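Here is a structure to look at before some questions and answers about it.

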Amino acid sequence: MTGVEVVSIGKTYGEVRVLDRVSAAFGAGRLTSLLGPSGSGKTTLLRIIGGFVAPDEGEVRFGAEAVTHVPLWRRNVGMVFQSYALFPHMNVEENVVFGLNRRGVRGEAARKEVARVLEMVRLQGLERRKPKELSGGQQQRVALARAMVTKPRVLLLDEPLSALDRRLRQDMQVELRRIQRESGLTTIFVTHDQEEALTLSDTIAILDRGRIIQEGNPAEIYERPKSRFAASFLGDANLFTGRVEGDAIAIDGGHIRMAGKPPEGATVTVAIRPEKMRIARAGEDALPGENRLEATVKEIVYAGAVSTYLLERGGAQIKLIAQNRETQAATIGDTVTLLWSPTHTVLLQE
Amino acid sequence: MIVLGRSYLLAVLAFLYLPIGVMVAMAFNASALYTLPIDPSLHWFAVLAENGPLLAATRNSLLIACATSAAATLLGTLAALALERRQFRGRSLLRILLLPPIAIPWLITGTAMLVFFFWTGIGRGIHAMIIGHVALALPYVVLVVGTGLKSLRADLEEAAMSLGSTPIHAFFAVTLPLLLPSVIAAALFAFAISLDQFVVSYFLSTPGVSTLPVEIYSSIRKGFTPEINAISTIFLGVSTVLVLIFAQLSHLGGKVDRR
Amino acid sequence: MAEVIEQRRMAAPSVARPGRAGWGIAALVAPAYGWLTLAVFLPLGAMLFFSFLKAAPFGNRTLQYTLDNYFAFVRRPYLFDVAWTSIKLGLLTTAICAAIGLPAAVALARATHGRSRQVLFLLIVLPFWTNGLVRIFSWTMVLREGGVLDYLLHLVIPGAASASLLYSFPAIIIGLVHAYLPYMILTCYLSAVTIEDAHIEAARSLGARLPMIFWKVVLPLTAPGLISGAILIFVPVIGSFMEPRILGGRVGVTMGTVIEDQFVQAFNWPLGAALSFTMLAFVLLIFAASSRLLSGRVGAQ
């Protein structure tokens with residue numbers, strides 16, 4: 001199993017630069033998500049890797065082989081389309097065996113492979129059904145089986161779960177993970193749903209307007225976002241901007257500390273994740289070195305396991321997520337003290 | 001209100017089918033007069049079998065219709081594939097160029113063909129009529145196949161190619177089978193158009209060679225003979241069957257229902 | 001913006017096949033358009049050429065050019081009458097088709113459902129695709145002396161003189177209306193289905209009675225259908241020659257029959273050509289006017 005690499009990919013449609021010097025590496029046997037909002041270029045990148053579209057500049061490599069000029073039908077990729085694209089005039093078995101036949105695998109050998117992969121996606125027994133007789137989730141699995149049966153060099157999925165309802169989606173996410181691990185295929189997954197990306201991926205690449213903003217494993221990106229965009233797109237973040245004075249960053253009415261020394265004299269933006277803050281209880285003091293800010297509770301959103309507090313400080317909104325372990329920390333209208341550790345103050349580079 | 005509407009519709013239908021009904025009835029009537037009761041008989045159909053010119057014309061009509069259907073369907077399908085599937089400069093222009101055969105009154109097109117064919121030595125006759133009929137049927141074929149293509153998802157061919165099909169193989173394995181109903185419908189359409197075509201055939205026919213509609217026209221001008229009823233009835237039957245098959249294939253009836 | 005482009009691209013995928021696209025398309029469309037050129041465009045061109053000649057260029061006669069044929073109306077004033085007859089036929093047929101067809105279309109759209117609607121729809125469309133000549137012929141059966149109408153008349157008033165409606169102006173109109181009525185019903189129907197219950201109910205709730213509802217709701221919504229139907233009918237009718245000849249006999253002299261004569265009897269092809277192009281110009285004018293009218297309406301909606 002080889003990895004996939006794209007080097008300096010560029011693509012322009014009309015006047016829009018859809019992809020701008022994008023380079024990335026997709027680890028062998030791992031699942032990488034391309035995450036970004038609509039129009040970020042993630043689907044275009046996927047289609048370039050697959051060979052559906054030719055890049056204007058740059059190279060695509062499967063392992064050591066440059067495949068940029070290899071036509072789609074010779075690239076041996078497996079693609080799962082957003083709309084599944086199952087052949088309506090063929091039944092499940094015929095759909096799945098299509099790629100095998102093209103590679104010269106027929107008859108009994110082909111049937112065995114089809115059975116193997118149908119079992120992997122848990123669809124045994126449905127070989128004779130036509131696509132229109134299947135549910136959305138089943139169709140999706142057929143599409144997956146069809147793409148995987150030829151043991152492609154890379155498995156590409158274009159927002160395959162977006163057509164499913166929430167419950168089914170969550171179930172399929174787990175299924176997908178299991179299937180991917182079992183098969184060991186290098187997999188690239190396009191999605192705009194950050195929760196999905198966090199759940200499924202070994203690596204996430206965030207795209208915005210044709211550029212890769214940040215790449216890394218989910219925890220890494222979540223805990224240490226490098227840019228304003230990454231911080232806000234993946235989860236929520238409380239952003240503060242201020243000048244560095246000495247060891248701390250001065251914001252209006254207070255100071256924020258981070259672990260390590262901030263750049264001297266610069267104006268910087270920092271981000272703090274909402275679950276990293278806590279509301280000080282009556283009589284509770286800040287731990288040594290902790291940051292503290294005062295704010296007013298504007299709204300509390302109760303969601304069973306957690307509550308989200310929306311607070312206001314000097315015209316800016318702060319979001320805090322707290323587990324409902326004990327009684328509520330505050331009520332609407334209270335002025336409270338927010339505390340958090342300096343290690344959770346993330347310095348943004350952009 | 002609804003009853004009024006329905007009754008009105010039925011009255012309109014009665015008007016539409018009145019003369020046709022009369023003609024069909026007379027075809028089966030032994031007497032050539034219009035008195036009741038109708039004396040059922042196949043007499044005129046038998047007389048028809050003796051009518052040489054009429055039978056020859058029918059043979060010609062069928063021959064021309066088959067040739068027209070084959071040629072128009074082939075050419076039209078190819079053109080529709082290009083016009084529907086690809087964006088290219090000049091596409092709208094090409095689309096507009098399909099309008100003249102249907103928009104221009106057949107009188108003008110027919111006489112123009114006569115003029116041109118005569119002048120260039122192509123002449124008149126069966127081959128000329130085939131040329132003319134195909135030209136008239138082409139826009140309809142492109143329309144029917146084009147509509148079928150529109151509802152065909154483009155990503156199916158992509159999926160096939162991602163699984164190892166070359167573009168040509170993808171077309172034959174995926175697109176064509178799904179397009180077949182439309183192609184057949186278009187072929188039937190072209191056949192019906194050719195069979196019914198009068199004006200162009202009229203101008204391109206010669207004394208010895210004509211089609212059924214033209215022959216009927218001459219017969220009417222010369223004087224009425226009852227076997228015209230018979231042949232017209234047969235004609236009507238065949239056209240009706242064709243249209244019904246076509247409607248079934250293109251789900252014409254199905255699209256109507258909105259409630 | 002990029003997502004719009006992405007979506008548009010989904011609809012018409014351009015798979016990476018550099019360079020061959022142009023040739024492929026040319027190969028696909030060439031046969032059909034080549035045929036059309038041979039059968040339609042070149043002939044029209046030839047006829048245009050002919051219209052400027054004094055006499056048809058056969059038998060090695062020298063070509064003599066003239067504009068006379070286009071001044072035919074001036075040289076042969078009876079053509080004005082003929083043209084007027086054609087236009088009268090067109091207007092009358094269109095008007096009657098509209099009067100009969102619009103209510104039928106509205107009835108079809110609003111008084112029928114499901115299966116019965118499908119059947120009725122098919123029944124209305126069917127005569128359309130049967131041979132026009134056969135239909136005209138069947139009208140002669142009905143209208144002639146000794147025909148069905150005559151027979152029915154004698155049933156009611158025995159001893160009346162033999163009646164024949166054939167070979168008269170009304171006969172032509174009847175034949176034309178019968179032939180083109182389905183067009184109008186079809187186009188009006190396509191517009192009429194856009195009338196929703198909500199529209200009628202809203203009008204009713206504002207106090208409108210039936211005539212008002214028709215005027216303010218039904219008519220505006222079916223106007224596009226009426227206009228396109230009118231075009232579909234008027235244009236062929238002014239060029240028709242079958243119905244006038246067969247049903248009108250000596251009375252049936254229209255532009256269509258005159259042009260036909262030039263080619264089939266008088267063999268004055270240049271004149272026929274010029275008259276044809278004059279008619280064509282008129283037809284194109286109508287198309288231009290109607291498309292402006294139609295797009296204006298659509299814009300207003």
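Q: Among contacts in chain A between residues at least 6 apart in sequence, what share joins residues at least 24 apart?
A: The model is a predicted one. Two residues of chain A count here if they are in contact and at least 6 apart in sequence. Of such contacts, the share that joins residues at least 24 apart is 66%.

Q: How many strands does chain A have?
A: Chain A has 350 residues, and 40% of them are buried. Its C-alpha trace spans about 75 × 45 × 35 Å along the principal axes. The secondary structure consists of eight helices and, as for strands, 20.

Q: Which strands are at the edges of the open sheet of five strands in chain A?
A: In this sheet the order is β15-β19-β16-β17-β18, and the pairing is antiparallel. An edge strand pairs on one side only. In chain A that applies to β15 (278-279) and β18 (316-323).

Q: In β17(A), which residue is the bridge partner of Val301(A)?
A: Strand β16 of chain A covers residues 291-303, and strand β17 of chain A covers residues 306-313. The two pair in the antiparallel sense over seven bridges. In β17(A), the partner of Val301(A) is Thr308(A).

Q: Which helix gives the largest share of the side of chain B that touches chain C?
A: Between these chains, 74 residues of chain B are in contact with 79 residues of chain C. On the chain B side, 55 residues are nonpolar, eleven polar and eight charged. The largest share, 14 residues, comes from residues 2-27 of chain B, helix α1.

Definitions and conventions. Residues are numbered from 1 along each chain as its sequence is written. Chains are lettered from A and ligands numbered from 1 in the order in which they are written. This is a predicted model: local features need pLDDT of at least 70, side-chain atom pairs count only at pLDDT 80 or more; totals for chains, interfaces and linings use all residues. Two residues are in contact if their C-beta atoms, placed from the backbone, lie within 7 Å. Helices (H or I, at least four residues) and strands (E, at least two) are DSSP runs, numbered from the N terminus. Ala, Val, Leu, Ile, Met, Phe, Trp, Tyr, Cys and Pro count as nonpolar, Asp, Glu, Lys and Arg as charged, and the others, Gly among them, as polar. Two strands pair if DSSP finds at least two bridges between them. A residue is buried if 20 or more other C-beta atoms lie within 10 Å of its own, exposed if 12 or fewer, and partly exposed in between; C-beta atoms are placed from the backbone.
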